[in-house]
Amino acid sequence: MIIKPDPLILLVEDSPEDYQAALRSLRRAGLANPIVHCEDGDQALDYVFRRGEFAPPREAPRPGLILLDLNLPGIDGRGVLAEIRRDPELAAIPIIVLTVSADPRDVDECYRAGANSYIRKPVDLDGYIKAIQRLVDYWFEIVVLPKPGEPTGTDTPPSE
C-alpha cells in the first residue's frame with residue numbers, strides 16, 4: 001500500500017513576517033503538510049499554471065489548498081483568485097483568503113469570485129495562532145478536500 005503525503009498547501013504571502021507567522025502557526029497546529037511559498041501573485045499563477053521555473057509538473061505539484069493574501073505586488077490576490085477559478089482543472093482547489101482587510105467590499109468580492117473562506121488576520125501573534133488552529137481544525141480535520149490531480153508529465157489524454 002502506498003501512503004501519499006498530506007495535501008500540499010500553497011501559501012501566497014508577500015510579507016516575510018506574515019509568512020513566518022503563518023508557517024509557525026501551521027506547524028504549531030500540528031500540520032505536517034508540505035508548504036510551498038509564493039511571494040507575489042505572478043509567482044503564484046506561474047506555480048499553479050506550471051509556467052516558467054515551475055513548467056515541469058514535478059516542480060509544481062497541485063496544491064490541495066491555497067492560502068491567499070489579497071494585497072500582493074504585481075497581480076493581487078483578487079486577480080489570482082479570478083484566474084484560478086476560470087480554469088476548470090484548478091477550480092476545485094479550495095482557496096482561503098487570509099488578509100488584514102475587513103472591508104465588506106473585499107469580503108463580498110472574494111466570495112463572488114469563488115473564495116471558499118475569508119479569514120481576517122488577527123493583529124497579534126496569539127490571535128493569529130488561534131485563527132490558524134481553527135483553520136486547520138476545520139479544513140484538515142472536518143472537511144473532505146478534493147484529491148489534487150496527479151501530474152502525468154504529458155498533455156495527451158489517457159487512452160480508453
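# A tour of the sheet and its helices

Begin with helix H2, whose buried residues are covered by elements that include S1, S2, S3 and H3. The structure on screen is a predicted model.

**Stop 1: helix H2.** Select Gly41, Ala44, Leu45, Tyr47 and Val48, which are buried in H2. Looking down the axis of H2, you will find these buried residues within an arc of 160 degrees, so they line one face of the helix.

**Stop 2: the aromatic pairs.** The model has two aromatic pairs.

Now select Tyr138 and Trp139, an edge-to-face pair with 5.3 Å from centre to centre and 90 degrees between the planes. Is Trp139 buried or exposed? Trp139 is buried, with a relative accessible area of 8%. Tyr138 has a relative accessibility of 41% and counts as partly exposed.

**Stop 3: Arg50.** Go to the loop between H2 and S3 and select Arg50. Its phi is near 55 degrees, a positive value in a residue that is not glycine. Most residues other than glycine have a negative phi. Arg50 is also buried, at a relative accessible area of 17%.

**Stop 4: the sheet.** Show the strands next. Five of them make an open sheet in the order S2-S1-S3-S4-S5, and the pairing is parallel. Which strands stand at the edges? They are S2 (35-38) and S5 (117-120); each has a single partner strand, so one side of each is left without a neighbour in the sheet. From one strand to the next, the twist averages 20 degrees. Strands of a sheet pair through backbone hydrogen bonds, either parallel or antiparallel.

Look at S4 with its partners. S4 and S5 run parallel and are joined by four bridges. Select Val97 and then Tyr118, its bridge partner in S5. Between S3 and S4 there are three bridges, again in the parallel sense. Here Ile66 stands opposite Ile95 of S4.

Stay on S4 and show its side chains. How many of its five residues are buried? Five of the five are, and the strand is mostly covered. Ile95, Val97 and Thr99 point one way from S4, while Ile96 and Leu98 point the other way.

Then move to helix H3, residues 77-86. H3 lies across S3 and S4 and runs at about 155 degrees to S3. Select Gly77, Arg78, Val80, Leu81, Ile84 and Arg85, which are buried in this helix. Seen down the axis of H3, these buried residues fall within an arc of 160 degrees, so they line one face of the helix. What covers them includes helix H2 (41-49), strand S3 (65-68), strand S4 (95-99) and helix H4 (104-113).

**Stop 5: Asp69.** Select Asp69 in the loop between S3 and H3. Asp69 is buried, with a relative accessible area of 5%. Which residues does Asp69 touch, not counting those up to four places away in sequence? The contacts are Val12, Glu13, Asp14, Gly77, Leu98, Thr99 and Lys121.

**Stop 6: two cysteines.** Finish with Cys38 and Cys110. Cys38 is buried, with a relative accessible area of 0%. Cys110 is buried too, at 1%. A disulfide is a covalent bond between the sulfur atoms of two cysteines. How many disulfides does the structure hold? The count is zero.

Note on methods. Residues are numbered from 1 along each chain as its sequence is written. This is a predicted model: local features need pLDDT of at least 70, side-chain atom pairs count only at pLDDT 80 or more; totals for chains, interfaces and linings use all residues. Side-chain values use heavy atoms; hydrogens and water are left out. Rings of Phe, Tyr and Trp (its six-membered ring) pair if their centres lie within 6.5 Å; planes under 30 degrees apart count as stacked, over 60 as edge-to-face and the rest as tilted. Buried means under 20% relative accessible area, exposed over 50%, partly exposed in between (1.4 Å probe, protein chains only). Helices (H or I, at least four residues) and strands (E, at least two) are DSSP runs, numbered from the N terminus. The arc is that of the directions from the helix axis to the C-beta atoms. Contact means heavy atoms within 4.5 Å. Two strands pair if DSSP finds at least two bridges between them. Axes are lines fitted to C-alpha atoms, for helices over the stretch in contact, and angles run from 0 to 180 degrees between N-to-C directions. A disulfide is a pair of cysteine sulfur atoms within 2.5 Å.
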